[in-house]
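Notes below, in the order I went.

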Amino acid sequence: MNITVLYNTPETEEPSDQDTKKSAIEVCDALTKIPDFKAELMGITKNEIEKLRNLKTDFVFNLLEWTGHKTQYVIEALNLLDYFKIKYSGSHAEGYALANNKGEMKKQMQQLKIPTPKFQIYEKEFIFNELKFPVIAKLAWEHCSLGLDETNIVNDADSLRSKILDLRSKYDMPVLVEEYVEGDEVQVAVIGQAKVLPPQRIVFEKTQKILTHGTKWGNQESDSEWGDFEQYSPSVKFQVTELARKTYQELGSRSYARVDMRVNDNGVYVLEINNNPGIDWDDDNALCRSAKAGGFSNFSDFLKTIVYDALTN
């Protein structure tokens with residue numbers, strides 16, 4: 001089987017931008033170790049999407065990660081793959097678009113009665129805040145925790161107004177503000193036909209309460225550590241698993257995804273779903289940790305499962 005590992009070439013030296021290429025190389029290397037698989041890299045810019053019209057391959061392992069104002073380029077690429085009936089990994093265009101529009105994602109969660117923190121979207125101007133402080137402000141069209149640090153958690157209207165204006169001036173996009181949920185973060189990988197892999201628990205120590213852009217991609221030291229998910233009660237573990245499965249099934253997921261939650265004494269809350277999350281074989285990656293805990297002994301076997309599931313569904 002000929003497999004093309006498709007990714008967007010880095011436009012900057014930012015670690016989060018370079019990570020896509022790094023992951024593509026790692027995925028390609030792991031795929032070549034599978035008998036009867038031949039894999040090759042294909043990096044493209046947003047001006048080279050039309051190259052997909054002439055692509056000759058049996059399968060595309062899709063690692064395109066344009067987000068924010070550039071989400072449309074992934075949508076264009078996936079629509080071309082669908083038009084030419086080329087099978088690929090990850091979600092279809094609709095699922096990718098939803099995962100990159102937090103406002104629409106949260107609206108769907110509310111309609112589906114998936115528990116999620118109350119939220120408001122700030123488009124162009126500051127509107128009356130109907131939320132209970134503290135709240136957290138996030139870029140509505142981005143991922144990788146871009147624009148996120150401890151100052152995004154605010155306790156009063158003046159601080160919220162200042163943070164919203166700051167984010168909008170820097171990134172020119174709507175801001176999602178939601179009630180901040182204190183507690184552990186749980187990241188849940190779901191693959192194939194809604195198979196939930198062992199969830200990964202993140203416990204926050206000292207002062208840091210969120211996973212910031214600096215801790216993920218910069219030199220900022222993290223005050224978080226991996227915790228023991230099995231220490232939760234059976235009812236909490238059941239809620240986490242079933243909410244992850246429902247979110248995956250209802251919010252445009254396919255092939256593999258990661259559902260991020262917050263857990264505290266008041267319950268379990270779904271923050272967001274990441275369709276086509278970052279994928280590699282690094283123990284700092286929740287998807288990798290879940291795969292290993294779920295019985296996958298190496299990266300190649302995990303990728304092989306993803307490929308064959310996407311081929312048949």
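Predicted model: local features only at pLDDT ≥ 70, side-chain atom pairs only at ≥ 80, totals over all residues.

**Cavity, pocket, helix**

I began with what surrounds the largest cavity: H3, H4 and S13 each supply at least two residues of its lining. S13 gives the most, with 4 residues.

About 110 Å³ of space lies in the largest cavity. I counted 15 lining residues, and those closest to the centre are Ala 99, Asn 100, His 143, Asn 274 and Asn 275. By class, I get 5 nonpolar, 6 polar and 4 charged residues in that lining.

Next I went to H4, which covers residues 102-111. Its buried residues are Lys 102, Gly 103, Met 105, Lys 106 and Met 109. Looking down the axis of H4, I see them fall within an arc of 160°, so they line one face of the helix. What do they pack against? My list has helix H3 (93-99) plus strands S4 (119-122), S5 (135-139), S7 (175-179) and S13 (267-275). Just after H4, I noted a positive phi of about 60° at Lys 113.

Last stop was the second largest pocket, with about 430 Å³ of space. Its lining has 18 residues, and I marked Ser 16, Asp 17, Glu 65, Thr 67 and Glu 142 as nearest the centre. Helix H1 (residues 15-32) gives the most to this lining, with 3 residues. I sorted the lining of this pocket into 3 nonpolar, 9 polar and 6 charged.

Terms used
Residues numbered from 1 in each chain as written. Heavy atoms only, no water. Buried < 20%, exposed > 50% of the residue type's maximum accessible area, 1.4 Å probe, protein only. Arc of directions from axis to C-beta. Contact = heavy atoms within 4.5 Å. 1 Å grid on protein atoms, 1.4 Å probe; cavity = no way out; pocket = protein on both sides within 12 Å on 5 of 7 lines; lining within 4 Å. Points joined across faces, edges and corners; volume = space filled by probe spheres on them. Nonpolar A, V, L, I, M, F, W, Y, C, P; charged D, E, K, R; others polar.
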